[in-house]
Amino acid sequence: MSNPTGLFRRRAAWLMTTALIGALGLSAAGEAANPVGKPRRPTRRAAPVRKAAPARPKPRIVVIDPGHGGPDPGTIGLSGHYEKFVAISAAREMARQLTATGRYKAVLTRGGDSYVALRDRVARARSAKAELFVSVHADAHPDHMTRGASVYTLSEAASDREAAALAAKENKADIVSGVDFRGKAPEVTSILIDLSQRETINQSRTFAGMLLESLGKKGVGLLARSHRYAGFAVLTAPDTPAVLLEMGYLSNRYDERLLLQRSHQQRLASALVEAADRFFASRPATPASPPPSRPASPATPAAPKKA
Ligand SMILES: [Zn+2]
């Protein structure tokens, strides 16, 4: 009885040893000989190296659109100054100040005294991947006492008859080169609103409020109802918050003089930078980026001043 038991024990020991060696051998050779075999924890070990978040947030793209240009002078002031020149002069200062912060990349829709159709201005803003669009104009009024800046945002219904008339006048710019954009503007506007572009419009309104506050703080005279609504063709990019700034009235002697002054253009530009800083502070560029640095400005801006 002892013999079979001893044999069984030896065989069992031998089997266990070979099994152990086999198991060890298999595990050692398995990875080399069978690279497509089931790896144990492949995904964790092969995790891609994470790129460090950029030290600086990407500059935000602000498109500045100087109104009119080329054969379209825009409004002609009391002393004969053309809106198109006032607009580009102010727009260049705005672009300069935005770029100087390092936080913005400013793009102008026209660089010189050239004609750019309204729809092309919108297209240029979109191809530049604009995150904010500011069209820059100066107004005129039959009453030469009327003065002050105002900011318009897109709306199907104009805030009043004057706003509607102004939109019609600014939209007329495309007729100069034979392209009639008048008929298309309301249609485009209504499509945009139908397509639930409410969020963009809401953002535009938020920015308009911030810009008006900053202009007031910088001492720029404002119209009584300074935030207005109208169907401007140039404000119809569906995904870009956009405002139209009427910097003042060339039909008013005081405003006309101010708009030609470099110091006043600098004031307008610094108000834009401040408003853009506030606007983008709550809109991080990318989730991984650190928030853009804020300017050392008071947290509570003053209420807009009346002109
Ligand atoms: Zn204009």
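A residue is called buried here if 20 or more other C-beta atoms lie within 10 Å of its own, and exposed if 12 or fewer do. Keep in mind throughout that this is a predicted model.

With that cut-off in hand, select helix H5, residues 161–171, and colour Ala163, Leu166, Ala167, Glu170 and Asn171, which are buried. Turn the view until you look down the axis of H5: the buried residues fall within an arc of 130 degrees, so they line one face of the helix. An α-helix has 3.6 residues a turn, so residues three or four places apart point the same way. Now pick Arg161 and Ala165, which are exposed on the other side of H5.

Next, move to the sheet, where 6 strands are arranged in the order S2-S1-S3-S6-S4-S5, forming an open sheet with mixed pairing. Select strand S2 (104–108) and strand S5 (222–230), which stand at the edges; each has a single partner strand, and therefore one side of each is left without a neighbour in the sheet. Direction ignored, neighbouring strands of this sheet are turned against each other by 25 degrees on average.

Within the sheet, select strand S1 (residues 60–66) together with strand S3 (residues 132–139), which pair in the parallel sense over 5 bridges; here proline 66 stands opposite valine 136 in S3.

Finish with helix H9 (residues 262–281), which lies across S1, S2, S3 and S6 and runs at about 150 degrees to S3.

Methods
Residues are numbered from 1 along each chain as its sequence is written. This is a predicted model: local features need pLDDT of at least 70, side-chain atom pairs count only at pLDDT 80 or more; totals for chains, interfaces and linings use all residues. Two strands pair if DSSP finds at least two bridges between them. Helices (H or I, at least four residues) and strands (E, at least two) are DSSP runs, numbered from the N terminus. Axes are lines fitted to C-alpha atoms, for helices over the stretch in contact, and angles run from 0 to 180 degrees between N-to-C directions. Two residues are in contact if their C-beta atoms, placed from the backbone, lie within 7 Å. The arc is that of the directions from the helix axis to the C-beta atoms.
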